[in-house]
Amino acid sequence: MSEHRSGFVSFVGRPNAGKSTLTNALVGQKVVITSDKPQTTRTVVRGIVHRDDAQLILVDTPGLHRPRTLLGERLNDLVTTTLAEVDVVAVCFPANERIGPGDRFIATEMAKIKRTKKVAVATKTDLASGEQIGQHLLDIQALGAEIGVEWAEIVPVSAKQGDQIALLQDLLVGLLPEGPQLYPDGDLTDAPEEILVAELVREAALDGLRDELPHSVAVVVEEMRLREDRPEDKPLVDIHANVYVERDSQKGIIIGPKGSRLRTIGTTARKQIEALLGTPVYLDLHVKVAKDWQRDPRQLRKLGF
């Protein structure tokens with residue numbers, strides 16, 4: 001019988017390279033928010049893949065980027081400290097786009113982390129032709145050679161369609177050290193439920209928004225508890241959350257005409273939260289303005305960064 005393996009894998013890549021979708025596809029349940037807005041992952045949420053022979057713990061780091069604000073710098077610090085501690089770093093390069101300066105910047109940063117094994121993942125192959133994918137794989141190999149990264153594997157996948165996800169899982173497991181199970185069987189993530197709930201509300205708030213807003217939205221769950229005086233077979237979780245934006249004009253955008261936008265956000269988020277918690281939820285959302293919170297250390301702390 002072969003030894004049990006366990007360890008940490010981190011997906012990195014520029015914003016919107018398909019990291020979160022890949023995490024969800026590997027774990028098989030939605031644990032990380034996915035959004036087509038760059039820079040949506042703020043917390044290091046871990047997805048956990050349980051197998052008989054291994055436990056693969058996925059650390060989802062924010063996309064590395066050149067920092068423009070204090071928040072950006074904090075995110076980058078988080079990325080570099082996390083990556084030095086994982087067993088494998090999987091760098092994501094979307095197959096439907098050419099390798100650009102952003103990809104090069106990230107791969108160059110990865111080259112500095114010496115002892116961590118590195119895998120290149122060509123994501124979103126469902127959006128590229130066979131010829132494009134072939135060229136893309138050659139480009140990834142050439143980039144590695146140029147900056148001195150030796151890829152342990154180069155794997156094309158489509159998380160959306162599930163193509164090669166099982167293969168990627170096997171390859172990642174093969175690169176992990178031998179070791180015991182690190183988390184109990186039922187765990188899919190070690191992020192506290194409040195954080196996951198806040199992320200789901202944030203995802204719903206970002207959905208369909210114009211590009212200028214994503215960085216300006218933060219969500220804090222103020223209170224989350226089972227409502228008292230309910231029969232045991234009909235539980236209800238009360239959740240009170242604040243959606244913070246930086247300016248009054250943004251508050252209007254989130255609330256929408258006669259509150260229509262906020263109602264939609266509430267409904268969408270509530271369905272996702274109910275699926276996550278497995279119980280009916282009463283979700284109470286308030287939109288508040290925290291002036292320029294991304295540049296203010298005190299506000300960043302309050303909002304959990």
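Predicted model: local features only at pLDDT ≥ 70, side-chain atom pairs only at ≥ 80, totals over all residues.
I began at Lys258, which I found in the loop between helix H7 (248-255) and H8. Helices here (H or I, at least four residues) and strands (E, at least two) are DSSP runs, numbered from the N terminus. Residues are numbered from 1 along each chain as its sequence is written, and side-chain values use heavy atoms, with hydrogens and water left out.

**Entry: two positive phi values**

I looked up the backbone of Lys258 and got a positive phi of about 55°, although Lys258 is not a glycine. Most residues other than glycine have a negative phi. Is Lys258 buried or exposed? Lys258 counts as exposed because its relative accessibility is 83%; the cut-offs are under 20% relative accessible area for buried, over 50% for exposed, and partly exposed in between (1.4 Å probe, protein chains only).

Asp229 also went on my list: its phi is positive, about 60°, and it is not a glycine. I placed Asp229 in the loop between strand S7 (218-226) and strand S8 (237-245). With 79% relative accessibility, Asp229 counts as exposed.

**Entry: H8 and its partners**

Next I checked H7 against H8: their axes come within 5 Å and cross at roughly 65°. Axes are lines fitted to C-alpha atoms, for helices over the stretch in contact, and angles run from 0 to 180 degrees between N-to-C directions. From H7, Ile253, Ile254 and Ile255 meet Ser260, Arg261, Leu262 and Ile265 of H8, where contact means heavy atoms within 4.5 Å. I sorted that contact by class and got five nonpolar, one polar and one charged residues. For the classes, Ala, Val, Leu, Ile, Met, Phe, Trp, Tyr, Cys and Pro count as nonpolar, Asp, Glu, Lys and Arg as charged, and the others, Gly among them, as polar.

Then I turned to helix H6 (residues 193-206), which packs with helix H8 (residues 260-277) at an angle of about 145°, the axes being 8 Å apart. The H6 side of the contact includes Leu196, Leu200 and Ala204, and the H8 side includes Ile265, Ala269 and Ile273. By class I have 11 nonpolar, two polar and two charged residues for H6 with H8.

**Entry: the sides of H4**

Helix H4 (residues 130-147) has 18 residues and reaches 26 Å from its first C-alpha to its last. Which residues of H4 are buried? I listed Ile133, His136, Ile140, Leu143 and Gly144. They lie on the same side of H4 because they cover an arc of only 95° around the axis, the arc being that of the directions from the helix axis to the C-beta atoms. On the other side of H4 I noted Glu131, Leu138, Ala145 and Glu146 as exposed. The buried residues of H4 pack against S4, helix H3 (101-112), strand S5 (117-123) and strand S6 (151-156). After H4 comes Gly148, with a positive phi near 85°.

**Entry: Val89 in S4**

I followed S4 (residues 88-94) to Val89, which lies in that strand. Val89 counts as buried because its relative accessibility is 1%. Leaving out residues up to four places away in sequence, Val89 touches Ser10, Val12, Leu83, Met110, Thr116, Lys117, Lys118 and Val119.

**Entry: whole chain**

Methods
Expected span 1.5 Å × (residues − 1).
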